[in-house]
Amino acid sequence: MDRVGNPFEPGAGTEPPELTGRRPVMEEARVALARTKAGRFEKSVILIGLRGVGKTVLLNRIQLMAKEAGYLSEFIESPEKDRLPDILVPALRRILLSFDTKEQVSTVGRAAWNALKAFAKGFKVKVGDVEVGMDLDHSRGTADSGMLERDLTDLIVSIGEAAKASKKSIAILIDELQYLKEPELAALITALHRVSQLKLPVILFGAGLPQIALDHERFVRCRDILGIDHNLRSLREQLGGRHLGGDRRHRDHGARRLAGSCGPF
Ligand SMILES: Nc1ncnc2c1ncn2[C@@H]1O[C@H](COP(=O)(O)OP(=O)(O)OP(=O)(O)O)[C@@H](O)[C@H]1O
Ligand SMILES: [Mg+2]
């Protein structure tokens, strides 16, 4: 094997030169992004697959697609120990800060900041400056019940309304969803389902191990991300005679060897 010429480099989350076999899921993501932005009903998407099959690189690529489509986006890797509010509040805050000042102080902008403040306070999230420059009256009754599912829905809906009013779209990407506790994942999915119903311009792309096997298929689109055996045909097509030459048997052999060097697909 020509190791210098081999375009595939093993390594967690490293973008390979070709996202072999991922065209259908990328096309699905492109359509979901376009529909969400246009205010059409669309579900959030969760990529499910074993370790090393390529979920993170796919999520990264989807974030790039979202940015190219004009989305505000945040990529969150859910760490083993943190709670959902701890990882979500800073990301949502960054999104709100990227609205311009006029948008931030508009009625819906203020409502979104208030919801974020109430949520951060209710769930004791330590983002020291969550309130900086935004010391507004606390509108009671939004995102302050102390119940995660309800408050998260209020929060994401408020932010979605602010985005809609400012003609912005938001993509949230969360990797390693299996680290969330089941009620947190359920709350997240309920919140995203609500923004879908309201056709607000917010979409989540998540990824996780098969253990998150969801009961939530009604609310989100779950996509199985399969490994190289399933990708072999398209890998062979893309490599074709281009790199490997020879007859089909040789190409298959070459494709398998390349695949082997990419880790446990
Ligand atoms: N479609 C693909 N074609 C070729 N190489 C790929 C493809 N997808 C991923 N890879 C390569 O496989 C390796 C693992 O990818 P990645 O880290 O995205 O997997 P993962 O599913 O997120 O793994 P984990 O569950 O451990 O986080 C990386 O080296 C990446 O470059
Ligand atoms: Mg990963």
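Let me begin in the loop between α5 (107-122) and α6 (148-165), where Lys-124 is placed; helices here are DSSP runs of H or I with at least four residues, and strands are runs of E with at least two, numbered from the N terminus. This is a predicted model, in which local features need pLDDT of at least 70 and side-chain atom pairs count only at pLDDT 80 or more, while totals for chains, interfaces and linings use all residues. Residues are numbered from 1 along each chain as its sequence is written, and chains are lettered from A and ligands numbered from 1 in the order in which they are written.

Lys-124 has a positive phi of about 50 degrees, although it is not a glycine. Most residues other than glycine have a negative phi. Is Lys-124 buried or exposed? Lys-124 is exposed, with 9 other C-beta atoms within 10 Å. A residue is called buried at 20 or more other C-beta atoms within 10 Å of its own, exposed at 12 or fewer, and partly exposed in between, with C-beta atoms placed from the backbone.

Glu-176, also not a glycine, has a positive phi of about 60 degrees. Glu-176 lies in the loop between β3 and α7 (182-197) and is partly exposed, with 19 other C-beta atoms within 10 Å.

I turn now to β3. Six of its six residues are buried, so the strand is largely enclosed by the rest of the structure. On one side stand Ile-170, Ile-172 and Ile-174, and on the other Ala-171, Leu-173 and Asp-175. In a regular strand the side chains alternate between the two faces of the sheet.

Which strands pair with β3? Strands pair if DSSP finds at least two bridges between them. β2 is joined to β3 by six bridges, and the two run parallel; Ser-73 stands opposite Ala-171. β3 and β4 are also parallel, with five bridges, and Ile-174 has Gly-206 in β4 as its bridge partner. The chain crosses from β3 through α7 to β4 in a right-handed β-α-β crossover, that is, clockwise from the first strand over the helix to the second, with the strands pointing away from the viewer.

Finally, α2. The buried residues of α2 are Lys-55, Thr-56, Leu-58, Leu-59, Ile-62 and Ala-66. Seen down the helix axis, these fall within an arc of 160 degrees, so they line one face; the arc is taken from the directions from the axis to the C-beta atoms. The face turned away carries the exposed residues Leu-64, Lys-67 and Glu-68.
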